[in-house]
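Please brief me on selected local features of this structure, grouped by topic. I am interested in helix packing, backbone geometry and pockets.

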Protein chains: 2
Amino acid sequence: MKAHIITIGDELLIGQVIDTNSAWIAQQMNALGIFVEQRTSVGDTLPQIIEAVQRAGTQAQLVLITGGLGPTKDDITKKALCTFFDTHLVFHEPTYLRLVHYFERIGRTLNDTFLEGLRQQALLPANCTQLTNNVGTASGMWFEKDNTIYISMPGVPFEMKHIVENEVIPRLQKNSALQPIVHRTLLTAGVGETQLAKELEHFEHNLPHNIKLAYLPDIAAVRLRLTARGEADTHHTLQQVVDDQTAQMRQLVNQYVFGTENDTLESVIGQILVERGYTMATAESCTGGYIAHKITAQTGASAYFKGATVAYSNEIKTQILGVQQSTLDTYGAVSEQTVTAMLRGILRLYGANVGIAISGIAGPGGGTPEKPVGTCWVAVGDINHQRTLYLQVGPRDRQINIQAFTTLALNALRKFLLDNKE
Amino acid sequence: MKAHIITIGDELLIGQVIDTNSAWIAQQMNALGIFVEQRTSVGDTLPQIIEAVQRAGTQAQLVLITGGLGPTKDDITKKALCTFFDTHLVFHEPTYLRLVHYFERIGRTLNDTFLEGLRQQALLPANCTQLTNNVGTASGMWFEKDNTIYISMPGVPFEMKHIVENEVIPRLQKNSALQPIVHRTLLTAGVGETQLAKELEHFEHNLPHNIKLAYLPDIAAVRLRLTARGEADTHHTLQQVVDDQTAQMRQLVNQYVFGTENDTLESVIGQILVERGYTMATAESCTGGYIAHKITAQTGASAYFKGATVAYSNEIKTQILGVQQSTLDTYGAVSEQTVTAMLRGILRLYGANVGIAISGIAGPGGGTPEKPVGTCWVAVGDINHQRTLYLQVGPRDRQINIQAFTTLALNALRKFLLDNKE
């Protein structure tokens, strides 16, 4: 089954909003074996929406549409769908009552203007099946026409996700036209695409014709994805063939691999810490709390994360982390000696088993000929063993440098943990 | 002038990578008065790429293409463009020499395999104008055919941005076919789309026909964007008309507005702090360093940001921030009393003028009937005046809750600063 995704909204075309919905929907569809062939974004105008839906319908068996279902005047998707399906809006009472009850329950005053807004949101095209949205006011809609399924959903990401998970996926799973497709991904950090491509040249050349390798570079990280389509041979399933190729690939680049599929450096670290009953803490200068944020964005991080000190000024480094003033004077804030002292300080202060300390120049200002923008020192370890790492990520922009520093520092902690099993 | 953006890469269709390039390119084009009418993402297959380029060329006068120019086997954009333009690849010696010199300068060993890779990257379609990429190995390419301009660029965001800024924009600015388009955006926080739409109903209804209002909701924030196209009346420029409407709109919703255009809460706060010569610090529990990260992601934050303590455990709250154990025992970690004590603690510890302290339940675990997931207490202020805020952002996912807490806490600090001028 082939799918097209259409995202609607002027904001996507003038670049004010980044389209994260498409990527998330595509992931879900892929997991079902549905191949997303094309994605299109169009503005909030009737002819553009209708043309995009029409074209997608001639090319795909599944058309997923997000956006343009809000209560405001610029949201016109329902009107466009009525034109396309040659139908009209009807009042869907169960939806109206669900919305009224919801707002009553959370104590909202329901005046006439507000109720009129809810009434608008309960008007749906006559030929659609309503898809319940329990986290917002815009319903999803399911249409079928000429063997193609059309699904329209609100553009607000968490509302769309709620509808996909609770309404769309269960319905699609009942559809029998799904073709086999299998992905396997290895995640690497601290190595470039060109280097990986060199080490995998022979492997890639000898891949079976129905398996494709893609290099997906990110900041200081590259994902290696094998995709297999169609049928495997008579003796093996497609999964078995891909798993075997993935294992072969892993052997070739194992030193760079930190995880698979949806792992992240912070999830891998979290898992190791939980297994060992360890705690951790960070002392951050140039990353400004970003490492702590990445760690604490993990569900369950409170089991192992003690906390962090963001020491943006030298006073904090001396007064709170206990770095000697003489160390800062002799070696500078961005030095092996300073990050080592910061690491020892944070481990003592927070009573954590392991930690990360980092100090560098994220830019655009602050660089010198000896220590240009992109220079960074990292220390990782425990109270007895510290390992330091010098980074030079090149003079890119501040955000990219912060992300690169964070990825490489997390990877260093991961490696320290693996090399120091007790 | 109408533009289409085409982003190429299987990774965009299986959802492993979010397409940020389209949004950024669209912003740049809009600033030039170029209207981006459609965005399409296609996979790494010749027929899909060729079909998308062909279709875009029949509808737009400018086709911007990113992706598929890497040195690896899955990158086939150049081949597709050669087919589309009925041409072939030729060796572009200046590009080859530039790449060789670059890698020599950074001390890279240039063996035969590596040089062969660079030679591949210097092969360009015979009919294109080369666009120099000083930050990577893949050149940009500029083509013209039947009055349409086609531009192909690498998909790596910072390489693409470099080429757009240094090569594409200067060339497009020389083009005379640009039509007038003007955008103005007001940024609000802490108010929903429905509420804003109610307060702006009359205003929106009376807008001139060539001006359109769009509501762009984000987490705990909504952007209000006015877009004017075409010509204004004989007495005023399009800019004047839009500025006048923007001022009218601002009067109606001024209490929610924190900035305009590309402002952020953290940039607005940074500006106020710099003007007053103030410093700030944060004490974070549930946001785990995300507020510190947002503040320090600003260029120049070191002028006013002293640092942060991420107090994920209660020990850190008592031992480092000086919260009384009895306060935690009586009121709990998520309470007005605790965040007030955290704020006083961080201000004393870091010697900062103002600060933010925050403690809440980001979920998915940790909620209770009295304090469900999404509950949060914030304190902002200086050593003499603290203002507290109770938040209930609803039971959404952990990431969204962290972002909502951060936005609302930053907005609270901004309001405190505005209300407490000396």
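The model is predicted.

**Helix 3 and helix 4, chain B**

- On the helix 3 side, the contact is formed by Leu46(B), Ile49(B), Ile50(B), Val53(B) and Gln54(B).
- On the helix 4 side, the partners are Thr77(B), Lys79(B), Ala80(B), Thr83(B) and Phe84(B).
- By class, the residues of this contact comprise 6 nonpolar, 3 polar and 1 charged.

**Helix 5 and helix 6, chain B**

- The axes of helix 5 (residues 93-105) and helix 6 (residues 112-121) of chain B cross at roughly 140° and come within 8 Å.
- That angle makes helix 5 of chain B oblique to helix 6 of chain B, since only angles over 145 degrees count as roughly antiparallel.
- Helix 5 of chain B crosses helix 6 of chain B in a right-handed sense.
- Helix 5 of chain B contributes Thr95(B), Tyr96(B), Leu99(B), Val100(B) and Phe103(B) to the contact, while helix 6 of chain B contributes Phe114(B), Leu115(B), Leu118(B), Arg119(B) and Gln121(B).
- This contact in chain B has 7 nonpolar, 2 polar and 1 charged residues.

**Helix 5 and helix 6, chain A**

- In chain A, the axes of helix 5 (residues 93-105) and helix 6 (residues 112-121) come within 8 Å, with a crossing angle of roughly 140°.
- Helix 5 and helix 6 of chain A are therefore oblique to each other.
- The crossing of helix 5 of chain A with helix 6 of chain A is right-handed.
- Thr95(A), Tyr96(A), Leu99(A), Val100(A) and Phe103(A) of helix 5 of chain A meet Phe114(A), Leu115(A), Leu118(A), Arg119(A) and Gln121(A) of helix 6 of chain A.
- Sorted by class, the contact in chain A holds 7 nonpolar, 2 polar and 1 charged residues.

**Backbone geometry**

- In chain A, the peptide bond from Gly363(A) to Pro364(A) is cis, with omega near 0°.
- Pro364(A) sits in the loop between strand 15 (354-360) and strand 16 (375-381) of chain A.
- In chain B, the peptide bond from Gly363(B) to Pro364(B) is cis, with omega near 0°.
- The loop between strand 15 and strand 16 (375-381) of chain B holds Pro364(B).
- Asp86(B) is a residue other than glycine with a positive phi, near 55°.
- Asp86(B) belongs to the loop between helix 4 and strand 4 (89-91) of chain B.

**Second largest pocket**

- The volume of the second largest pocket is about 410 Å³.
- Its lining consists of 23 residues, and the closest to the pocket centre are Ser302(A), Gly360(B), Ile361(B), Ala362(B) and Gly366(B).
- Helix 13 (314-319) and strand 15 (354-360) of chain B each supply at least two residues of the lining.
- The lining of this pocket divides into 8 nonpolar, 12 polar and 3 charged residues.

Notes
Residues are numbered from 1 along each chain as its sequence is written. Chains are lettered from A and ligands numbered from 1 in the order in which they are written. This is a predicted model: local features need pLDDT of at least 70, side-chain atom pairs count only at pLDDT 80 or more; totals for chains, interfaces and linings use all residues. Side-chain values use heavy atoms; hydrogens and water are left out. On a 1 Å grid over the protein atoms alone, a cavity is a set of points where a 1.4 Å probe fits but cannot get out, and a pocket is an open set with protein on both sides within 12 Å along at least five of seven lines; lining residues have an atom within 4 Å of a point. Grid points are joined across faces, edges and corners, and a volume is the space filled by probe spheres set on the points. Helices (H or I, at least four residues) and strands (E, at least two) are DSSP runs, numbered from the N terminus. Ala, Val, Leu, Ile, Met, Phe, Trp, Tyr, Cys and Pro count as nonpolar, Asp, Glu, Lys and Arg as charged, and the others, Gly among them, as polar. Axes are lines fitted to C-alpha atoms, for helices over the stretch in contact, and angles run from 0 to 180 degrees between N-to-C directions. Angles under 35 degrees count as roughly parallel, over 145 as roughly antiparallel, 65 to 115 as roughly perpendicular and the rest as oblique. A crossing is left-handed if the near helix is turned anticlockwise from the far one by less than a right angle, and right-handed if clockwise. Contact means heavy atoms within 4.5 Å.
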